[in-house]
Amino acid sequence: MSWKEIYQERLTTAQEALLKIKDNQRVAVGHACAEPGYLVDEMVSMKEHFHNVEIVHMVAMGKSEYCQPGMEEHFHHNAIFVGGSTRKAVAEGRADFTPVYFSEVPKLFKTTMPLDAALIMVTPPDENGKVSLGVSVDYTKSAAENAKLVIAQVNDQMPFTMGDSMLDVSQIDCFVEHSAPLVELKPAVIGETEKKIGENCASLIHDGDTLQLGIGAIPDAVLASLKDKKDIGIHSEMFSDGVVDLVRAGVINNSKKALLPGKMVVTFLMGTKKLYDFVDKNPDVLLYPVDYTNNPVVVAQNNNLVCINSCVQVDLTGQVASESVGYKQISGVGGQVDFVRGAAMSENGIAIMAMSSTAAKGTVSKIVPLLDEGAAVTTNRTDVDYVITEYGIAHLKGKTLKQRARALIEIAHPDFRDELIKEYERRFFCEYHKAA
């Protein structure tokens with residue numbers, strides 16, 4: 001049977017496909033901007049057909065109605081990263097959270113979290129009967145390869161990406177054609193604080209370095225500060241629109257990368273249509289599963305790797321909380337520790353925690369004597385390398401506890417330094433201003 005015959009035979013409606021999911025089963029949903037929104041919305045509209053169906057995914061970009069009040073009998077959400085649309089459900093006990101490094105999610109689907117079904121979004125088949133997972137390969141490919149039932153929303157607006165992003169039509173059980181624009185994330189507004197943080201980060205980046213960075217105002221500010229650099233490379237779990245601008249300006253060309261020179265390597269993408277058009281059939285952008293891109297051993301093969309991540313709090317010993325505010329889970333580990341450890345093994349690699357010095361409109365310091373009660377330590381103090389705020393750069397690796405505390409106080413907001421100095425003197429039995 002040809003691939004075209006297989007495709008036609010398995011082409012069906014969303015309702016017919018979703019009814020193959022049974023009560024008490026576990027269903028993985030495609031990640032981030034590749035979430036198959038039409039399938040998810042249809043599943044929710046058919047809720048009376050489902051009882052105790054577990055929904056597993058990381059970042060949700062849709063409405064997440066399956067974890068809203070009143071859905072408890074039908075669906076239960078198990079978050080492996082908490083996002084804006086699922087945070088309240090986790091906080092109120094209608095959903096659960098499973099801590100896991102991003103790089104290890106594919107392994108979960110083969111071991112402790114076996115899947116009954118996967119809902120994914122793909123491109124139409126190419127001339128060889130291959131569909132692309134488009135902007136999210138990450139754990140989505142593992143979900144498709146390990147689930148007993150794979151239902152794909154075929155979206156002709158999904159970009160066809162290269163790398164290890166493709167599935168054969170024979171690997172998919174049901175095809176549901178539905179065209180829809182991808183979710184877009186508009187570029188963040190860069191204020192003076194973010195601009196200064198970006199400049200501080202850029203001062204540690206040299207020509208020929210390879211970058212890992214995320215999305216938001218601080219990563220965008222870093223990129224905006226790199227216009228005078230050259231031969232920059234990308235090996236990251238994701239990137240957004242700012243990278244496109246630097247490629248077109250000739251700043252990013254990946255020419256000095258030790259691993260896959262000439263190519264940008266990521267596992268998922270989030271941005272605007274500009275980004276999606278840029279990566280469509282672009283041979284210089286390779287998407288791979290996250291157990292490759294984020295594997296610290298693979299990451300370390302990039303010499304001169306600079307990884308930049310954000311966090312919620314840093315205590316005076318260097319412990320970093322990035323995923324919770326006290327007891328409240330607000331996100332997840334993601335790939336932060338994967339890349340921090342990869343950078344540590346990279347020749348001349350460095351890892352940066354970049355954050356504004358305050359939160360809550362300047363009323364709360366992010367550099368604190370102790371992490372909030374209940375806060376999870378995301379990156380432990382032994383792994384932490386650089387911490388950067390708008391007030392400067394603190395290099396912690398190889399420093400004593402006293403030296404770490406002093407370096408962090410120096411980059412804290414001036415309004416909170418006296419309080420931190422008092423804690424320093426109480427903890428270390430010495431006067432701050434007399435200490436060497």
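Buried means under 20% relative accessible area, with exposed meaning over 50% and partly exposed lying in between, computed with a 1.4 Å probe on protein chains only. Helices (H or I, at least four residues) and strands (E, at least two) are DSSP runs, numbered from the N terminus. The model is predicted, so that local features need pLDDT of at least 70 and side-chain atom pairs count only at pLDDT 80 or more, while totals for chains, interfaces and linings use all residues. Residues are numbered from 1 along each chain as its sequence is written, and side-chain values use heavy atoms, with hydrogens and water left out.

**Exercise 1. Find the buried residues of helix α9 and what covers them.**

Step one is to go through residues 241–248, where the buried ones are Asp241, Gly242, Val243, Val244 and Leu246. Step two is to look for their cover, using contact in the sense of heavy atoms within 4.5 Å; the cover includes the helices α8 (217–224) and α10 (273–279), together with the strands β12 (233–234), β13 (238–239) and β14 (264–266). Step three is to follow the chain just past α9, where Gly250 takes a positive phi of about 85°.

**Exercise 2. Work out the strand order of the open sheet of six strands, and state which strands stand at the edges.**

Begin with the order, which is β12-β11-β17-β22-β26-β27, with mixed pairing; two strands pair if DSSP finds at least two bridges between them. At the edges stand β12 and β27, each with a single partner strand, so one side of each has no neighbour in the sheet. Strands of a sheet pair through backbone hydrogen bonds, either parallel or antiparallel.

Next, take β26 and its partners in turn. With β22 (residues 350–354), β26 pairs in the parallel sense over three bridges; Met353 stands opposite Val387, and Ala354 has Ile388 as its bridge partner. With β27, the pairing of β26 is antiparallel and runs over four bridges, Thr389 stands opposite Gly392, and the two strands form a hairpin with two residues between them.

Finally, check the faces of β26: Tyr386 and Ile388 are buried on one side, and Val387 and Thr389 are buried on the other, so that both faces are covered.

**Exercise 3. Locate Asp383, and decide whether it is buried or exposed.**

Asp383 is placed in the loop between β25 and β26. Because its relative accessibility is 15%, Asp383 counts as buried. Leaving aside neighbours within four places in sequence, Asp383 is in contact with Val340, Arg341 and Lys397. Its side chain makes a polar contact with the side chain of Arg341 at 3.0 Å, a polar contact being a pair of N or O atoms within 3.5 Å where, within protein, one must be able to donate a hydrogen and the other to accept it, and where residues adjacent in sequence count only if both atoms are side-chain atoms.

**Exercise 4. Name the residues of the largest nonpolar core that touch the most other members.**

Start from the term: a nonpolar core is a set of buried Ala, Val, Leu, Ile, Met, Phe, Trp, Tyr and Cys residues joined through side-chain atoms within 4.5 Å. Of the 78 residues in the largest one, those that touch the most other members are Phe109, Ile120, Ile234, Phe239, Ile308 and Ile352. Another core, of 31 residues, lies apart from it, and includes Ala17, Phe50, Phe75 and Leu149. As a closer look at one residue, Ile352 touches Cys201, Leu204, Val306, Cys307, Ile308, Asn309, Tyr386 and Ile388, not counting residues up to four places away in sequence.
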